[in-house]
Amino acid sequence: MKPKILVTRKISDGAEEKLKKEFDVNLNLQDEPIPTDDLIKMGNDYDGLITSGFDKVGEEFFSNLNGKLKIIAHVGVGYDNISIKAAEVKKIKVTNTPNVLNEAVAETTILLILAASRRAGEAYNLVRSDNWKNQKPDLTKFMIGNSVTGKTLGIIGMGRIGRIVAQSAKAFGMKIIYYNRNKLSEDLEDGAKYYSDLNSMLPECDFVSIHTPATPDTKNILNASTIGLLPNHAVVINTSRGSTIDDNALIDALENKKIYGAGLDVFNNEPNLDNRYTKLDNCFVLPHIGSATHETRLAMSMMAVDNIYCFFNNKPLISEVV
Ligand code: DGY
């Protein structure tokens, strides 16, 4: 009998085709979200699951399992929606999709840097609302933003994505500084200056961009006290996870012009973000599209399918979390 696999959301066509050839598959072709309570009930009907960041696979899900489910192949590099400790206790393998999305997330980061500093959201809304013609074309005031070229970008978390962001930012002549748990080798640093202490780096940042996973250590890494160390022309960028930022602190800094702006792709409580963000002209917001390119989503879907394939064919997993 072929192993039974549940795919909780629509994944890329090519990956679904590949999966269908090898397994007894329940695809979600209509892409209807599976309510958490239903997912908990369904967990015992399958040998493997392919999940997305929209699924809540918490302790309750695992405590209800009876031994049939063996692997969860998550489509995403971040897996903070899955209770990894509970998976370990139940001896269920969890895999993710690292690396294949590095460039796409770095592209989104650069997009946010440019959009937030050049007021792209405000400018776009002005044209779309047909209000451009009502503006006084003032040479020193009309939609004037801040240049990116030559500025200092502080990167919090100089992993694979952080390093690609650094490389791309250098094309704008940006100077790169970074805060990381460990200093990188000179080769990986590629000219970036290391700070072992976040508080010492922040006053030097024209832009600060977060590239850490969501962990208890990184929760609210930008909070009232750390944001308070940024210069008031600074721009905060986040393509990692919403939990790294204390919303009240960032919104206060944006509302009271303690910093220049923010560009955010990720939020606490997505998609129900704190709607004060959407009312701020100096905050450019995106709906968590960091890895949303055809090429990247196909590669992520394929990697999840390949992990399932490897597991049931007794081959080493491509990207094992636990
Ligand atoms: C991830 O894979 O964790 C990304 O945030 C998805 O866009």
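Guide: The conversation below covers cores, a sheet and some helices. This is a predicted model, in which local features need pLDDT of at least 70, side-chain atom pairs count only at pLDDT 80 or more, and totals for chains, interfaces and linings use all residues. Residues are numbered from 1 along each chain as its sequence is written, and side-chain values use heavy atoms, with hydrogens and water left out.

Visitor: How many residues does the largest nonpolar core have?

Guide: That core has 44 residues, and Leu19, Ile50, Leu153, Ile155, Met158, Ile176 and Ile308 have the most contacts inside it. A nonpolar core is a set of buried Ala, Val, Leu, Ile, Met, Phe, Trp, Tyr and Cys residues joined through side-chain atoms within 4.5 Å; buried means under 20% relative accessible area, exposed over 50%, and partly exposed in between, with a 1.4 Å probe and protein chains only.

Visitor: Which helix gives the largest share of this core?

Guide: Helix 5 (residues 102-117) does, with 7 residues. Helices (H or I, at least four residues) and strands (E, at least two) are DSSP runs, numbered from the N terminus. At least three residues of this core come from each of domain 1 (4-98 + 294-312) and domain 2 (102-285), with bounds from an automatic or database domain assignment.

Visitor: And the sheet: in what order do its strands run?

Guide: The order is 8-7-6-9-10-11-12, in an open sheet of 7 strands with parallel pairing. Two strands pair if DSSP finds at least two bridges between them. Strand 8 (193-195) and strand 12 (283-285) are the edge strands, each pairing on one side only.

Visitor: How many bridges join strand 10 to strand 11?

Guide: There are 4 bridges between strand 10 (residues 235-238) and strand 11 (residues 261-264). Asn238 stands opposite Leu264 in strand 11.

Visitor: Turning to helix 1, which residues are buried?

Guide: In helix 1 (residues 13-22), Ala15, Glu16 and Leu19 are buried. They lie on the same side of helix 1 because they cover an arc of only 100° around the axis, the arc being that of the directions from the helix axis to the C-beta atoms. Asp13 and Lys21, on the other side of helix 1, are exposed.

Visitor: What do the buried residues of helix 1 pack against?

Guide: They pack against strand 1 (4-7), strand 2 (24-26), strand 3 (48-52) and helix 12 (294-312). Contact means heavy atoms within 4.5 Å.
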